Amino acid sequence: MSDETSNGAAAPAEQAAGATFVVEKLYLKDVSFEAPNTPMVFNEPGQPDLQMNLTQRVQRLNENVYEVVLGITLTCTVNGKTAYLAEVQQAGVFGLSGFADQGLDAMLGTQCPNVLYPYARQAIGDLIQGGGFPPFYLQPINFDAVYAEGLRQRAEAQQNGDLSSGTETAGNA
């Protein structure tokens, strides 16, 4: 029996139990690039300060189909002046069936962003270079660790009686 899905990726452990994971569509949902202080910032001395913000949204489209949107915002400042702001929302439609609730949450929070990240990373790199700045390569992200930290924070919030930290958090790493 093969341990691969139709897209060639290694199948999750639950695959053997009849669960399926299918990448149906990948697309850029939103893209933005701003370089408000060009061309003066090109001559600004000093080291760039980079800050990255990572977000994820999950929307159920029907019983077994989900849209996952991975957002990356990268802000570069030099001496307190914004050199550039690059923002990408890379999205995908994923078919997931046969997973228990906890397994589904884990798939949405780890496997889906793992599929989306290389595309978002490439788009961010292209925007920065197209804006006249040196190439910048985002480092790999361990979405398993990000998801585990999100679970820890949810459990802590529930223990502290903070019910606002949501029942609708499936896949939000």
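A salt bridge here is a side-chain nitrogen of Lys or Arg within 4 Å of a carboxyl oxygen of Asp or Glu. You're looking at a predicted model, where local features need pLDDT of at least 70 and side-chain atom pairs count only at pLDDT 80 or more, while totals for chains, interfaces and linings use all residues. Residues are numbered from 1 along each chain as its sequence is written, and side-chain values use heavy atoms, with hydrogens and water left out.

**Exercise 1. Work out the strand order of the sheet and find its edges.**

Step 1: Strands (E, at least two residues) and helices (H or I, at least four) are DSSP runs numbered from the N terminus, and two strands pair if DSSP finds at least two bridges between them.

Step 2: read off the order. The 4 strands make an open sheet in the order 1-4-3-2, and the pairing is antiparallel.

Step 3: pick out the edges. Strand 1 (20–34) and strand 2 (48–62) each pair on one side only, which makes them the edge strands.

Step 4: zoom in on one pair. Strand 2 and strand 3 (residues 65–78) are joined in the antiparallel sense over 14 bridges. For instance, Arg57 has Val69 of strand 3 as its bridge partner.

**Exercise 2. Describe the salt bridge between Glu67 and Lys29.**

Step 1: check the distance. The two side chains meet at 2.9 Å, N to O.

Step 2: Glu67 sits in strand 3 and Lys29 in strand 1, 38 residues apart, so the pair links distant parts of the chain.

Step 3: ask how open each one is. Buried means under 20% relative accessible area, exposed over 50%, and partly exposed in between (1.4 Å probe, protein chains only). Glu67 comes out buried because its value is 8%; Lys29, at 42%, is partly exposed.

**Exercise 3. Which parts of the chain does the pair Glu44 and Lys81 tie together?**

Step 1: confirm the pair. Their closest N and O atoms are 3.3 Å apart, in a salt bridge.

Step 2: locate both ends. Glu44 is in the loop between strand 1 and strand 2, and Lys81 is in strand 4, so parts 37 residues apart in sequence are tied together.
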